[in-house]
Amino acid sequence: QVQLVESGGGLVQAGGSLRLFCAASGRTFSSAVMGWFRQAPGREREFVAAITWNGASTYYAASLKGRFTISRDNAKNTGYLQMKSLKPEDTAVYYCALDLRRIPTPEGVGETKEYGYWGQGTQVTVSS
């Protein structure tokens, strides 16, 4: 069984930065694709970024590339999402998720149905 716990969210001014954490229990984290998604009020959950099991490849939503960076430390069973130059439209609940395959399919990496394990989310609020 895998449990994911996100942290690091909070209130930040536009232009600021935040680093989100995803702490995983169990031994499957180090062999799984990890993804970050977000969901704003009244909107569908959307893909933010993903990383392969060994960190060799990363994937980003086109609109976020350059501002967000995904990484992981398998020795610590922890994943990260570094966010900079935050905008009010980045306000959302951010979720980490695991796809138990080591490498995602390119067409599926951004699909919520590819991920079988989810955390409870952490709120990020960006004020203008």
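# Strands S3 and S8 and their surroundings

Strands S3 and S8 pair in the antiparallel sense over 6 bridges. The model is predicted. Its open sheet of 4 strands runs in the order S1-S3-S8-S7, with antiparallel pairing. The structure holds 1 disulfide, and the largest nonpolar core has 35 residues.

**The sheet**

- The edge strands are S1 (3–7) and S7, each of which pairs on one side only.
- From one strand to the next, the twist averages 15 degrees.
- Leu-20 has Leu-81, in S8, as its bridge partner.

**Ala-24 in strand S3**

- Ala-24 belongs to strand S3, which spans residues 18–25.
- Ala-24 counts as buried because its relative accessibility is 12%, and buried means under 20%.
- Leaving aside residues up to four places away in sequence, Ala-24 touches Gln-3, Leu-4, Phe-29 and Asn-77.
- The C-alpha atoms of Ala-24 and Gly-119 are 9.0 Å apart in space, although these residues are 95 residues apart in sequence.

**Thr-78 in strand S8**

- Thr-78 is placed in strand S8, which covers residues 78–83.
- With a relative accessibility of 12%, Thr-78 counts as buried.
- A polar atom of the Thr-78 side chain lies 2.8 Å from the backbone oxygen of Lys-76.
- Apart from residues up to four places away in sequence, Thr-78 touches Phe-21, Cys-22, Ala-23, Phe-29, Arg-72 and Asp-73.
- Phe-29 is touched by Ala-24 and also by Thr-78.

**The disulfide**

- Cys-22 and Cys-96 are joined by a disulfide, with an S to S distance of 2.1 Å.
- Cys-22 lies in strand S3 and Cys-96 in strand S9, so the pair ties together parts that are 74 residues apart in sequence.
- The link of Cys-22 and Cys-96 is right-handed, with 60 degrees about the S-S bond.
- Cys-22 and Cys-96 are both buried.
- Cys-22 is also among the residues that Thr-78 touches.

**The nonpolar core**

- Within the largest nonpolar core, the residues with the most contacts are Trp-36, Leu-81, Met-83 and Tyr-94.
- At least two residues of this core come from each of S3, S4 (33–39), S5 (46–51), S7 (68–73), S8, S9 (92–99) and S11 (122–127).
- In soluble globular proteins, nonpolar side chains tend to be buried together.
- Leu-81, listed among the core residues with the most contacts, is the bridge partner of Leu-20.

Conventions:
Residues numbered from 1 in each chain as written. Predicted model: local features only at pLDDT ≥ 70, side-chain atom pairs only at ≥ 80, totals over all residues. Heavy atoms only, no water. Buried < 20%, exposed > 50% of the residue type's maximum accessible area, 1.4 Å probe, protein only. Contact = heavy atoms within 4.5 Å. Polar contact = N/O pair within 3.5 Å; in protein donor to acceptor, adjacent residues only side chain to side chain. Core = buried A, V, L, I, M, F, W, Y, C linked by side-chain atoms within 4.5 Å. Pairing = 2+ DSSP bridges. Axes fitted to C-alpha atoms, helices over the stretch in contact; angles between N-to-C directions. Disulfide = S-S within 2.5 Å.
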